[in-house]
Amino acid sequence: MHNLVDVKRLTKEEIIKIIELAQGFENETSISTCFGKNLALLFCENSTRTRFSFEMAANKLGVHIYNFDANTSSFSKGESLKDTIENLYSIGVNGIVIRHSESGIVDKTIEEVNCPMAFINAGDGNHAHPTQALLDYYTMKNHLGSVEGKKIAIIGDIRHSRVAHSNVELLTKFGADVWFCAPKYFEDATQDVIFTKKLDDALNNADVAMFLRVQNERLEERIPLFDYIHDYGLTMKKLRELCKKDVLIMHPGPVNRDVEISSEVLNSEYGKTILEQAHNGVFVRMAVLDILLGKIEK
Ligand code: CP
């Protein structure tokens with residue numbers, strides 16, 4: 001493991017190693033092997049959780065962070081991503097975290113750039129968001145012990161969701177029973193999982209119900225939002241009537257309040273897991289940075 005582009009290319013053993021190391025960082029029994037390394041954060045698309053938790057993770061590991069601002073860098077003068085990264089490497093950057101709206105941009109960049117540095121995908125278009133899937137798995141494991149045989153329903157805008165794609169890759173490696181639930185306009189037929197249009201079927205006996213954000217910025221046309229909220233939005237009434245009492249309600253964030261999940265649910269005990277996801281992201285990202293940057297010669 002020299003880069004982290006998607007979950008598909010991680011073995012089960014590599015995932016277990018990341019999770020165990022993350023646990024060690026959370027318990028303060030693991031120590032950094034990448035102290036003093038240099039990490040660039042290149043976010044060409046907005047982010048709160050991923051960006052801040054990578055920064056927090058790097059700080060805790062003693063890694064120096066260099067924030068790349070696309071608007072004030074020479075990107076705005078037309079410099080290519082390849083030239084930008086080769087220059088950052090020459091300046092002394094050892095690893096780079098990339099968030100971009102183009103699917104496949106991280107793979108393409110690794111192919112084009114001739115630099116022995118670590119590349120980490122922090123979300124590329126609708127392709128992959130591997131550290132999100134890892135932190136989601138870490139959170140599920142904390143609550144369920146194992147996901148094997150557990151019903152995990154992923155509900156909402158699956159078509160545009162890199163989170164759904166990375167989660168299904170990871171969870172099926174560990175024997176979870178993954179269901180997708182979406183209206184026609186959010187379907188993604190490319191994934192080999194159980195699919196239903198009915199929220200009742202998805203929530204019935206689910207151990208985890210993960211709701212996805214309606215990605216307004218990626219929609220080709222407006223959706224019937226009122227109908228969507230009626231059919232797929234989680235309210236306390238639906239939760240009580242359709243879900244197991246101990247169901248885990250998850251969401252990668254950011255949440256459109258009262259669209260995917262009602263404020264009543266978010267403000268209740270059921271909403272707390274979503275903040276745990278954000279909290280756990282720091283330890284998972286510490287583990288990923290430690291494994292990848294620890295190997296790089298300065
Ligand atoms: N879950 C997630 O990727 O959130 P941000 O877009 O805020 O990083």
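Tutor: A polar contact is a pair of N or O atoms within 3.5 Å; within protein, one must be able to donate a hydrogen and the other to accept it, and residues adjacent in sequence count only if both atoms are side-chain atoms. Glycine 253 places a polar backbone atom 3.1 Å from a nitrogen atom of the ligand. Of the accessible area of 260 Å² that the ligand has on its own, the protein covers 92% (Shrake-Rupley method, 1.4 Å probe). The model is predicted: local features need pLDDT of at least 70 and side-chain atom pairs count only at pLDDT 80 or more, while totals for chains, interfaces and linings use all residues. Residues are numbered from 1 along each chain as its sequence is written, and side-chain values use heavy atoms, with hydrogens and water left out.

Histidine 129 has a polar side-chain atom 2.9 Å from a ligand oxygen atom, and glutamine 132 has one 3.0 Å from a ligand nitrogen atom. The surrounding residues (a heavy atom within 4 Å) are Ser47, Thr48, Arg49, Thr50, Arg99, His129, Gln132, Pro252 and Gly253. This shell comprises six polar, two charged and one nonpolar residue (nonpolar: Ala, Val, Leu, Ile, Met, Phe, Trp, Tyr, Cys and Pro; charged: Asp, Glu, Lys and Arg; polar: the others, Gly among them).

The ligand takes up the space of the largest pocket (more than half of its atoms within 2 Å of the grid points). A pocket is an open set of points on a 1 Å grid over the protein atoms alone, where a 1.4 Å probe fits, with protein on both sides within 12 Å along at least five of seven lines; lining residues have an atom within 4 Å of a point. The volume of the largest pocket is about 350 Å³ (the space filled by probe spheres set on the points). Its lining has 22 residues, and Arg99, Arg162, Arg213, Gly253 and Pro254 are the closest to its centre. Helix H2 (49-61) and helix H6 (162-173) are the elements giving two or more residues to that lining (DSSP runs; helices of at least four residues, strands of at least two). By class, the lining holds 11 polar, seven charged and four nonpolar residues.

Proline 254 belongs to the loop between strand E9 (248-250) and helix H10 (263-266).

The second largest pocket contains about 220 Å³ of space. Among its 13 lining residues, Val255, Leu266, Gly271, Ile274 and Leu275 are the closest to its centre. Helix H11 (residues 272-294) supplies four residues, the largest share of this lining. Seven nonpolar, four polar and two charged residues make up the lining of the second largest pocket.
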